[in-house]
Amino acid sequence: MFLAVREFRHARLRYILIGAIIALIAWLVFLLSGLATGLATDNGASLMNMEADHLVFQADVRFFLHRSILPEEAVEAVRAVPGVTAAAPLGHLTVTVTRGEEDEKIDATILAIDPNSFLAPRIVEGQTFAGQPAASVVVNDSFKRHGVRLGDRLMVSPSGTVLTVVGFTTGQTYNHLPVIFMDIPTWRELKFAAPGSAGSVVDPISAVAVQMDESAAARVEQDVPGVEVATRQVALENLPGYREEMGTITLMLAFLFVIAAFVLAVFFYILTLQKTNQFGVLKALGATTSFLARDLIAQVILLTLLGVAAAAGLTYVVAAMIPPEIPFSLDSRLILTYAVVLVGVGLLGTLLSLRRIAKIDPLIAIGRVD
Amino acid sequence: MTTLLLDNVTKIYGQGEYAVTALDGVSLSVSAGELVAVVGPSGSGKTTLLAIAGALLQPTRGRVVLKGQELTGLNAAALARIRLEHIGFVLQTSNLVPYLTARDQLLLVARLAGRIDAAARKRADDLLRELGLGHRLDHYPEALSGGERQRVAIARALMNDPDVLLADEPTSSLDSVRGREVVEMLAREVKERNKAAVMVTHDERMLDLVDRVIRIADGRLSHANAAAASRAAAG
């Protein structure tokens with residue numbers, strides 16, 4: 001540290017510039033991570049926030065909620081399995097609605113639930129649809145951006161079924177679409193409007209949401225015929241487009257880490273080469289390689305920490321300015337993880353310089369040997 | 001009393017038909033309080049001599065003994081320790097650390113040896129004041145003149161209270177007046193602090209300030225006394 005801080009003080013501009021590059025890379029990492037979290041939330045917030053730890057799907061539909069059909073009696077069958085704490089029916093449908101007489105079409109995901117089950121959404125305005133006339137619904141508050149108010153009527157196209165908004169919930173999106181919560185009977189009318197579209201299934205639902213121990217999952221698959229069990233996380237990863245979105249961003253993040261490692265490695269290696277003679281003098285004075293190595297490591301850690309901290313601050317400022325339509329949300333624990341990885345990557349980049357320092361012969365301090 | 005002893009030291013660079021003998025059976029002993037000048041043309045082996053005396057280079061044959069301790073066969077870390085505790089180098093002008101102030105150049109030596117405490121701070125300041133740098137304590141090398149830089153280098157060499165002072169062309173980048181001042185200071189410190197010192201130089205004008213002059217040519221030493229050398233320089 002003795003040399004590190006004094007060198008910072010003396011060559012301020014040089015190290016501010018290197019710190020700025022580190023900060024810019026870290027900033028990009030944090031912004032991408034915010035975008036990844038935002039997209040994941042946008043895609044599957046309803047699943048993420050669901051009070052269920054497992055979902056029971058029809059077998060062989062690759063955990064696609066929109067392709068899964070189960071009879072409602074499956075809920076009872078699942079509930080009867082030892083280790084299951086609670087089970088609730090879930091219906092799914094993607095629709096387009098229009099508000100009143102207007103032309104604006106709003107795409108939405110319908111989630112049909114029993115309003116008395118643990119799947120009931122948190123009401124932030126208005127009330128739940130339990131005990132209300134048929135076709136009463138609770139919608140995500142992002143509908144307000146389209147001008148939807150309490151009591152408004154939404155027409156489902158093309159069937160023409162009219163829904164009445166009685167309440168708003170928040171943070172409920174599925175497949176990047178805002179969620180409309182309704183009861184199971186209303187959903188059945190929409191989903192299975194065509195006769196025979198549910199096949200031979202009596203009282204169809206899409207899936208069963210379950211609260212249970214991990215160990216009960218296998219028993220459910222044994223005891224209930226024709227079902228497959230997924231954890232909530234697996235169901236999330238099987239959302240259409242989820243893997244592709246996350247894969248793209250993960251790849252970009254991976255490249256950024258590699259680039260960060262290279263940039264830092266090159267910077268510090270060039271600085272080390274420039275200081276070869278100095279290191280020779282220091283070794284001649286009695287400095288060991290480990291003393292010089294510790295100093296370089298201290299320098300890199302200080303610089304990356306400062307750069308990463310500045311980037312984190314900047315990221316939170318930008319996050320506050322991003323409009324709500326853009327899926328962006330910061331997960332502080334993830335940011336912290338990436339910050340640690342960046343510092344680690346910086347250290348990895350110094351290995352080249354450390355090797356160089358170890359090789360420097362103190363003999364160069366006294367000029368050419370004749 | 002002999003502080004530094006080189007006993008029949010030979011250094012050969014390279015192998016086979018490319019082998020070059022830089023030092024050929026050199027013996028030299030330097031006592032405490034004695035300043036010895038090694039003079040010779042470039043290529044004569046004087047830098048190799050200094051490197052071997054300074055524990056920077058191991059001889060091919062022969063022994064180096066510092067304060068009774070044999071240096072032959074020690075590893076790099078042990079040699080670094082020897083340099084830190086027993087040897088003070090006065091290197092060429094450019095060899096101060098550019099981002100350290102005069103005071104920090106000295107404190108670095110204390111830091112390398114352990115902790116920087118109040119005693120080390122006082123010692124650093126006292127040394128710099130003694131060498132006429134009391135007003136330059138917080139100056140970086142770039143703000144110092146050539147002579148001042150060499151005085152900082154002398155103070156730095158004395159910081160760890162070494163047994164041996166080794167000076168490598170200390171006057172090479174100075175005019176004759178400044179160069180003379182630097183060598184005078186070196187000589188004074190050697191006497192006052194009772195150090196054994198070897199100065200490698202090609203500057204004949206300084207030789208009247210040293211106790212003993214040794215000429216080196218083709219890796220072999222020839223001894224001459226200081227008085228004779230200074231007469232030769234004057235004439």
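## Contact between chains A and B

Chain A contributes 21 residues to the contact, and chain B contributes 29 residues. The model is a predicted one. On the side of chain A that touches chain B, helix H1 (2–10) and helix H8 (276–284) of chain A each provide at least two residues. Sorted by class, this side of chain A holds twelve nonpolar, five polar and four charged residues.

## Domains of chain A

Two domains are listed in the domain assignment of chain A: domain 1 (2–43 + 242–366) and domain 2 (60–225). Between the C-alpha centres of domain 1 and domain 2 of chain A the distance is 47 Å.

## Packing of helices H7 and H11

Within chain A, helix H7 (residues 242–274) packs on helix H11 (residues 351–359) at an angle of about 20 degrees, and the two axes are 8 Å apart. Angles under 35 degrees count as roughly parallel, and H7(A) and H11(A) are therefore roughly parallel to each other. The crossing of H7(A) past H11(A) is right-handed.

On the H7(A) side, the contact is formed by Ala265(A), Phe268(A), Tyr269(A) and Thr272(A). H11(A) brings Leu352(A), Ser353(A), Arg356(A) and Ile357(A) to this contact. By class, the residues of the contact of H7(A) with H11(A) comprise five nonpolar, two polar and one charged.

How values were computed. Residues numbered from 1 in each chain as written. Chains lettered and ligands numbered in written order. Predicted model: local features only at pLDDT ≥ 70, side-chain atom pairs only at ≥ 80, totals over all residues. Axes fitted to C-alpha atoms, helices over the stretch in contact; angles between N-to-C directions. Helix = DSSP H or I, 4+ residues; strand = E, 2+ residues; numbered from the N terminus. Parallel < 35°, antiparallel > 145°, perpendicular 65-115°, else oblique. Left-handed = near helix turned anticlockwise from the far one by under 90°. Contact = placed C-beta atoms within 7 Å. Nonpolar A, V, L, I, M, F, W, Y, C, P; charged D, E, K, R; others polar. Domains from an automatic or database assignment.
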